Amino acid sequence: METSSPLSFDAKPFLSTVSQKPGVYQMWDATNKILYVGKAKNLKNRLSSYFRSPAGQTPKTRALVARIARIDVTITHTETEALLLENNLIKRHQPPYNILLRDDKSYPFIYLSAGDFPRLSFHRGTKRDKGRYFGPYPSIRSVHESLKLLQKLFPVRQCRDSFFRNRSRPCLQYQIKRCTAPCVGEIDKTQYQIDVQHAVLFLEGKSQHVIEQLVDNMQQAARQQAYERAAVYRDQIARLRQLQEHQYMETEASVNIDVLACVARDGVGCVQLLSIRDGRNLGSRSWFPKHTRDVASPDILAPFLTQYYLSAGRDLPEEIIIDPIIPSLAILQQAIFSQHEKKIKIHHKVRGARAKWQAMALQNAWASLDQHKPTQHRERLSALAVLLQMEELPSRLECFDISHTQGEATVASCVVFGMDGPIYNDYRRFNIKDVTAGDDYAAMKQVLTRRYSRLKKTEAQLPDIVVVDGGKGQLKQAIAVMEELQLPEIRLLGVAKGRTRKPGLEQLLLPDERDSLILSKDNPALHLIQHIRDESHRFAISGHRQRRAKQRKISVLEQIEGIGAKRRQNLINYFGGLQGVQRAGVEDLAQITGINQALAQKIYDAFH
């Protein structure tokens, strides 16, 4: 270990003592904070390059050198060993001048549980439970999209085991043909296992084999004149064939490849990962590493690959395709083998389907970079994503509020925000019916059920986050609806007014947290929540006032069947106005000419 003075750095005597062997160096400032960790094949040559003429250096390098007070050097036997040590030190210290991977979580999987009626679900973490794991998928969103597709193709249950065990009647998933209701015996074990087998074959990339089985089943059902069952098989075949058309870039069924592209512009770098498993494109994901200003895309991609693929427990492909080319590919391959004991081919020049995947990854990288503009709204979205521990920016938020006057003319609002702010064309209002006047909990349950039942049936875009204006009661209704509709991918957030009901003191309620959160008044996430809450409140109040005004323009008597203009006039004249009619009993009303006992009861019921 070789060290310079901690107070002022004199490069010349330090460099005269540095070895020419491979190793790792750590740069520190005068306050003993680490600035940068690097590796080198030749430590002396690499460190000398920092202290030559600053004319050819980037502003980032010049700023780094100006802050150096000490450099620690560790000699290693090989360059591969240096790469592994560098990666460990970067992860431990998170130096401000290194390219840093913002998120290093493990890939998510689709999990098929064991048992007579197994469940398909999202999984991340250790694979301890019995069953099968499919993936890995590049992002949580791609897992949920695949689960949604599987529900339409093969209705294997996706509900929690606690929900499954306590059912006495089929849930809404059964009604919209997304589940076969094994919980209440609507399907037997043998038939259910057929759907499970088809789902497994599909997840293994053997969709053509599934189609062949379904064709046989359809023909057999037709011969038995079971035409409804044959129609179900026909629809499944049609969906699978349509899916095959979209998956035009499938290749060998056994191929597992990661395709990475990196682009940089205006001080921001983006790395895009395309995940190919069993020959199928499972989706993509983008990262925006830290500290990429004045850094070219190859110099962003190289440390990203190191930090990403040298992580413990990483599920590795057999092949990695990159764009652009980076130096020291052989060293990275050796390091991955040393870390995971698995040989992986990393290359840049490809043909055929691989070239198409490479071009797609590059195109998506540029698109992601274009969408990553640092607007105020996106900063707020980013802060909210951090608050809710989301890996990606939410692309769609929906907020609900209930408005009424002492239970009269109850209206629920739904306002929608996207990546760039409010989406006014997607705003919706709901007239609440058949609930007890003033019951906000029942009103919230009704609007959420109506909204997301329809979105599921029409396969419309679902939100990433649903915000409900209200406290624990409203949030509890939202949790129940999402459980009933099997929408675990939607994040829920309740917004309750503080004790003084002043802006900035809102209490945020999360489903899994007992205590509410109170954010600081300058928190961007709070500003976004306030904006969407206020917008839903405004939209609900205006809808309620319109409905109330309309109702008050129409006489209650006009809505009663059997009461025409003449009888209405007789009632008004006899009782001296509408209020008098409202106060009258059934016997009083029956005294009016043309109104019998049954009609009098109708009139009384209309007012009471």
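## A tour of cores, rings and turns

Start by selecting Leu260 and Tyr309: of the 32 residues in the largest nonpolar core, these two touch the most other members. A nonpolar core here is a set of buried Ala, Val, Leu, Ile, Met, Phe, Trp, Tyr and Cys residues joined through side-chain atoms within 4.5 Å. Buried means under 20% relative accessible area, exposed means over 50%, and partly exposed is in between (1.4 Å probe, protein chains only).

Before you click on, know that this is a predicted model: local features need pLDDT of at least 70, side-chain atom pairs count only at pLDDT 80 or more, and totals for chains, interfaces and linings use all residues. Residues are numbered from 1 along each chain as its sequence is written, and side-chain values use heavy atoms, with hydrogens and water left out.

**Stop 1: around Tyr309**

Keep Tyr309 selected and show its contacts (heavy atoms within 4.5 Å). Leaving aside neighbours within four places in sequence, Tyr309 is in contact with Asp258, Leu260, Leu273, Leu316, Pro317, Ile320, Ile336 and His340.

Now colour helix α11 (residues 297-309). Helices (H or I, at least four residues) and strands (E, at least two) are DSSP runs, numbered from the N terminus. Rings of Phe, Tyr and Trp (its six-membered ring) pair if their centres lie within 6.5 Å; planes under 30 degrees apart count as stacked, over 60 as edge-to-face and the rest as tilted.

**Stop 2: Phe117 and Phe164**

How many aromatic pairs does the structure hold? There are 16. In one of them, Phe117 and Phe164 have ring centres 6.5 Å apart and planes at 45°, so this pair is tilted. Phe117 lies in the loop between β4 (109-113) and β5 (120-123), and Phe164 in helix α6 (residues 161-165), so the pair ties together parts that are 47 residues apart in sequence. Are they buried or exposed? Phe117 is partly exposed at 23% relative accessibility, while Phe164 is buried at 16%.

Next, select Arg157: its charged end sits over the ring of Phe164, 4.1 Å from the centre. That wording needs NZ of Lys or CZ of Arg within 6 Å of the ring centre and within 35 degrees of the ring normal. Arg429 has its charged end over the ring of Phe539, 3.8 Å from the centre.

**Stop 3: a hairpin**

Go back to β4 and β5, which pair in the antiparallel sense over 4 bridges; pairing takes at least two bridges found by DSSP. Ile110 stands opposite Phe122 in β5. The two strands form a hairpin with 6 residues between them, and Gly115 in the turn has a positive phi of about 115°.

**Stop 4**

Zoom to Gly135 and Pro136, where the peptide bond is cis, with omega near 0°. Another cis bond runs from Asp323 to Pro324, with omega near 10°.

Finish with Asp294, which has a positive phi of about 65° although it is not a glycine. Asp294 is partly exposed, at 42%. Asp434 also has a positive phi, about 60°, and is exposed, at 83%.
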